Amino acid sequence: IFSALDKDVDAEDHGKGQRSPKLCGTNYPVSIAFIVVNEFCERFSYYGMKAVLTLYFIHYLHWDKNLSTAVYHAFSSLCYFTPLLGAVIADSWLGKFRTVIYLSIVYVIGHVVKSVGAIPDVGDSTVHVVLSMLGLVLIAFGTGGIKPCVAAFGGDQFDEEHVKERRKFFSIFYMSINAGSVLWKNGRNLVIPVDLVFIAGSGLYKKSPPEGNVLVRVCKCIGFAIRNRWNNSKKSPKRSHWLDWAEEKYPKRLIQEIKMVFRVLVLYIPLPMFWALFDQQGSRWTLQATRMNMDFVMGVCFCVVKMLNALLILVFIPIFDMGVYPLIGLCRIKLTPLKKMAAGMILAALAFCAATVVEINVIKSVVEPPPAKESLVQVYNLMDSEVTVQFPGHTVFSDPLKSYEDPSGYTSLPLTGESQLYTVTVTHNGAEYQCGLTFTERTAYSLFLHTAQPGDTVCKLVKDHITKSETGAAYLSVCCDYQYLPEFYAAADYGISQNISVPRGEYNGVVCKTNSDQYLIDLGLLDFGAFYTVILSKESNGLTFKKMEDIQANNIHIAWQVPQYVFITAGEVMFSITGLEFSYSQAPASMKSVLQAGWLMTVAFGNVIVLIVAEGAGMEQWTEFLLFAGLLVAVSIIFSIMAYFYTYVDPDQLDKIFREDTDDEKVESSDGKKNEAVSLTDMPKQTKM
């Protein structure tokens, strides 16, 4: 490593003049192969850790789901805020090459610390939490710090005239990110090779030296311009741009570079809304999938859908680069980068429209928890003939209930307060029985009616668990009028068991036994997300049972999520890859990593938007999806208007305009008059939008 860093010092002295060997006679430098493989390894490692992070919090650190989710999103946000720090270090101090190496070491240390914190024999729970959090912070600084440097460093390897090849590099670079996410299993083993792969290409890289403390100079220049304008706006003539008020102290080139960066950063303002939708694949869309039927159909299953976005990226990038974009060009439609990004936003909005349609159908099989001052109740009639049930003041069960009939579903029961005592009247064979039952708000109940002894009616009220499993498992409870329980209920109390979670599958030959008897029953299929109650009865000919479905199984197949993933992935190809290349192409040489960091920070702010809307809106999931889709359409319109007035510039032309003269003196023309300060209007332009 240190040998490579020593060579790096010499290489930076002639960084811009160095030419890397080309791949197989093309215009692609050999050095980008090391950069692409490095990114693959880093993403492989990152997704390998992140894929199990929430489960690690819940099952190892024993945090609840809310805290685990909050820390997970905080870590994700930090990973996209820290690129600004990495960009400043690269552009102002170490250069991109050294920054990637040093922060990769920090990244490795973070993984080691976190892994030590996961060893059961190392300290108590407090030590585990401290080491885990310290490791995650180091990982966030490591992975976030190298993000803007690797992409910008890859772009630096191309000669100025090879714009087309550089644009395709960003597509290949993005493919390596998603290839790493697809193959995330056991990714933590590839942390250390990140440094080794990157260093292996040290002698081939084109390394531009850092430009000094760019961010500090930029801040001072902006501050001076604001103060100077405030102090002299009435005394001095107006200037074409407010940053021109810094001309008395700062070079014209620096002022023009800041103008270029500002114009791009203004375009970034609407962009977090795209990421607010995109990042819900790992939260809202995953939760939606857990309430769907995850049976295998044509090879589609939950694990495949979870990585469908990354798989589609690998397919869509070459399709768009070699098919879609050239076809649009043949139609004489000029598809500029900003037009691509606007189209990507619309596609992401369509993805959430598709998710809304899916969600509306998914919730049909979900029982929502009752609100305040309400309970839910369903009745099982286990008696030998029909009964009627009356709640005083309400007609919640107006029709007679047949013997051993499947319950018609939960019925809402209004309460006068947090809880209420109801005297329920049960009529059976002309006789009336009174049952005093207490119901609590926000709770679901099952009321079992059965005869323990001739002439006596028993009302048994049981609290129900109605939240569907996040893994798609079924829930099963058993009601016995005799002490016969399935083998997996060996420890259950006599009567009505608690709900247990069982994997989806066929349950044939289930053993039911007491101390002296044993029977086999066939429960059949216990389907995804369904809730079942099995009624066991002892009769003269043996044991009989009846399986009742309390809550409907997940009947919408997970394959219906594929369209929304197709839309969001197509939008990502048009938005994210284009934005990555746009950020590089419109940034001056000294600020490329800073602008890359600004691009990545839009992802962090997108996560913040999700947290604000999700926590503050308090609306149904399908309406939230529709809200996000509508917001993104509105934002895409605003972005399109902003993009229409944006004029593309070529930052490399700054060298030609200013040549090698970086002082702030105005160059006098041949007639002795001074030229005006160079502005963006003097630079070579491309078309708008």
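In what order do the 4 strands of the open sheet run? In this predicted model, the order is E10-E8-E15-E16, and the pairing is mixed. Strands E10 (500-502) and E16 (542-551) sit at the edges, each pairing on one side only. Ignoring direction, neighbouring strands of the sheet are turned by 30° against each other on average. If you look at E8 (residues 474-480), you will find that this strand pairs with E10 in the antiparallel sense over 3 bridges. Ala474, for instance, has Val502 in E10 as its bridge partner.

Let us stay beside E10 for a moment. Arg504 and Asp527 meet through their side chains in a salt bridge (3.1 Å, N to O). Arg504 lies in the loop between E10 and E11 (505-507) and Asp527 in the loop between E14 (524-526) and E15 (531-539), so the pair ties together parts that are 23 residues apart in sequence. Asp527 counts as buried, at 14% relative accessibility, while Arg504 is partly exposed at 30%.

Now turn to the helices. H15 (residues 337-362) and H18 (residues 621-644) pack at an angle of about 170°, their axes 8 Å apart. Angles over 145 degrees count as roughly antiparallel, and H15 and H18 are therefore roughly antiparallel to each other. Their contact has 20 nonpolar, 4 polar and 1 charged residues.

Glu624 pairs with Arg284, the closest N and O atoms being 3.2 Å apart. Glu624 lies in H18 and Arg284 in H12 (residues 284-290), so this pair ties together parts that are 340 residues apart in sequence. Glu624 is buried, with a relative accessible area of 2%.

Definitions and conventions: Residues numbered from 1 in each chain as written. Predicted model: local features only at pLDDT ≥ 70, side-chain atom pairs only at ≥ 80, totals over all residues. Heavy atoms only, no water. Axes fitted to C-alpha atoms, helices over the stretch in contact; angles between N-to-C directions. Helix = DSSP H or I, 4+ residues; strand = E, 2+ residues; numbered from the N terminus. Parallel < 35°, antiparallel > 145°, perpendicular 65-115°, else oblique. Nonpolar A, V, L, I, M, F, W, Y, C, P; charged D, E, K, R; others polar. Pairing = 2+ DSSP bridges. Salt bridge = Lys/Arg side-chain N within 4 Å of Asp/Glu carboxyl O. Buried < 20%, exposed > 50% of the residue type's maximum accessible area, 1.4 Å probe, protein only.
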